[in-house]
Amino acid sequence: MSHTQLLNYINGAWCRSEAGERLPIVNPATAETMATMPLSPAAEVDAAVRAAANAFREWRQTPAGERVQYLFRLKTLLEENLDDIARTITNECGKTYTEAAGEVRRGIENVEVACGIPTLMQGAYSEDIARGIDEILIRQPLGVVAAITPFNFPGMIPLWFLPYALACGNTFVLKPSDKTPMTAQKICGLLAQLGLPQGVVNLVNGAKETVDALLDHPEVRAISFVGSSPVAKYVYSRATANGKRAQCQGGAKNPLIVLPDADLEEVARVAAESAFGCAGQRCLAASLAITVGEATRTFTQAMAEAAVSRRVGYGLDEGIEMGPVIRAESKARIESLIQAGVDEGAKVIVDGRSARIPSYEQGYFLKPTILEAVKPGSQLAQTEIFGPVLGVMAARDIDEAIAIVNRQPYGNMACLFTRSGAAARQFRYEAQVGNLGINVGVAAPMAFFPFCGTKESFFGDLHGQSRDAVEFYTEKKVVVERWLQ
Ligand code: NAD
């Protein structure tokens, strides 16, 4: 059977890759191959980067107010095509249609914020820093910038970067995930309708070899990366060793602290959405609940009920609340981590292994799983599972709970559930984590705030989204001026 062959988009034209190897792109609910994606060689990366470099001069000179007109049109096109993009996301990524549509909306928010570039990119001016001398700060685009994105948000994450990069006057190369590249084809199809000058936006499919070619290309000035921590660290080291600016967002192991004064039924509802939404394949998924005192029993019981009642299946089917995980290997890995937890002494109270979904027997499904009595420092407590699995551990008090959070290698998100303002303040003050939720289970920053993250969850200093994105995609220059006539 012949499958759709995914294309690259270089210099304003769709082109077939000369790649010797192609990867199958599989629907994780059915295990059916939908398309094949080329592992584009370095020469094709070079063609994309050269196209972007050639386009840079004219694009940079296009006034910011004109550049954002393309983004206003992009927003409209994304909204008009939201259904098609969301269905593509569900089919290649597995999440439900509601989750996929929500993801596209979060992406659109970034397009909206980037439309404010004429203001966001403004410089500063000080008159008379000395007698008759003025000083000016200006922000200029960098040139060619590239983004390398993960499988789990194929619509939103490219839009964490592309709108700001373009609005600031840079030209762009996207290397989407090698597991979910079909959404980028859709978005690029919309970008192709905008009438942008050729070469301003380019898309190159591939995996490690393609990424390495971007990291080594002398014309690429900045790399934005989102993915697992080992790859984030690798990309950061190689990009910066090559003199590039880099922002690399990595993996996570997100704890929720549950204090006994919280409304525990409501917390369980919110926590179930965080732990099992997107089948736990969110970098902001709750993975560990640290319960304090009497919270343990009530919370665990309510969570078990929420886990058992979650409807699992193909994300385009009516009423489905959780889809499959991305690949058969991911399912096997998650199952082996659950077993490792059991071997370490944790107790499975809801077991989602061996899930069988009628009509989708070949799909990579697990059902929500909960383990209790997880030990601090154990593999289950430290490892990013990236599946619908929640570990529960008990702590004496909030001090011990925050200490457990701070001993985690990751620092992407932590949440606290309480009615106490003092506890909330202590948590905000002490937790060594980039994105905090207080009585919120998924602390996803809006596009006008940076998407933070620290420790093993982030390598770099300027984050994605908002003003950080503007700083990242521009070079600051100061001019000290004295005019004698
Ligand atoms: P991944 O690291 O496997 O892949 C990410 C990107 O890197 C892909 O484009 C892939 O093709 C490329 N890549 C993979 N291996 C490579 C290598 N050895 N050398 C160079 N490039 C390589 O990540 P994934 O499985 O696609 O995504 C899931 C991970 O992303 C999870 O760890 C999740 O927590 C993380 N994530 C983090 C955030 C965040 O904001 N911090 C957001 C979403 C996902």
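1. Where is Asn 11 found? In this model, which is a predicted one, Asn 11 is found in the loop between β2 (8–10) and β3 (13–15). Although Asn 11 is not a glycine, its phi is positive, at about 55°, and with a relative accessibility of 34% the residue counts as partly exposed.

2. Turning to the ligand, the reader will find it in the largest pocket, where the elements that give two or more residues to the shell around it are α6 (156–167), α8 (208–216), β11 (220–226) and α9 (229–241). The ligand is surrounded by 29 residues, of which the closest are Lys 175, Asp 178, Ser 228, Gln 249 and Glu 384.

3. A polar side-chain atom of Asp 178 lies 2.4 Å from an oxygen atom of the ligand, while a polar backbone atom of Thr 149 is 2.8 Å from a ligand oxygen. A nitrogen atom of the ligand, for its part, is 2.8 Å from a polar backbone atom of Gly 250. Taken alone, the ligand exposes 840 Å², and 88% of that area is buried by the protein.

4. For the charged side chains, a search of the whole structure gives 23 salt bridges. One of them joins Glu 79 and Lys 75, with an N to O distance of 2.7 Å. The two residues are 4 residues apart in helix α2 (residues 64–80), which means that about one helical turn separates them.

5. Which parts of the chain does the salt bridge between Lys 186 and Asp 84 tie together? The side chains of these two residues meet at 3.1 Å, N to O, and because Lys 186 lies in helix α7 and Asp 84 in helix α3 (residues 82–93), the pair ties together parts that are 102 residues apart in sequence. Lys 186 has a relative accessibility of 33% and counts as partly exposed, as does Asp 84 at 32%.

6. Helix α7 (residues 182–192) is mostly covered, with 9 of its 11 residues buried; among the buried residues are Gln 185 and Ile 187, whereas Lys 186 is partly exposed.

7. A further salt bridge is formed by Arg 139 and Glu 471, whose closest N and O atoms are 2.7 Å apart. Arg 139 lies in strand β7 (residues 133–141) and Glu 471 in helix α16 (residues 466–472), so this pair ties together parts that are 332 residues apart in sequence. At 18% relative accessibility, Arg 139 counts as buried.

8. Salt bridges that share partners also join Lys 208, Asp 212, Asp 216 and Arg 238 into one network.

Note on methods:
Residues are numbered from 1 along each chain as its sequence is written. This is a predicted model: local features need pLDDT of at least 70, side-chain atom pairs count only at pLDDT 80 or more; totals for chains, interfaces and linings use all residues. Side-chain values use heavy atoms; hydrogens and water are left out. Buried means under 20% relative accessible area, exposed over 50%, partly exposed in between (1.4 Å probe, protein chains only). A salt bridge is a side-chain nitrogen of Lys or Arg within 4 Å of a carboxyl oxygen of Asp or Glu. A residue is near a molecule or strand if one of its heavy atoms lies within 4 Å of it. A polar contact is a pair of N or O atoms within 3.5 Å; within protein, one must be able to donate a hydrogen and the other to accept it, and residues adjacent in sequence count only if both atoms are side-chain atoms. Accessible areas come from the Shrake-Rupley method with a 1.4 Å probe; for residues, only the protein chains shown count as cover. On a 1 Å grid over the protein atoms alone, a cavity is a set of points where a 1.4 Å probe fits but cannot get out, and a pocket is an open set with protein on both sides within 12 Å along at least five of seven lines; lining residues have an atom within 4 Å of a point. A molecule sits in a cavity or pocket if more than half of its atoms lie within 2 Å of its grid points.
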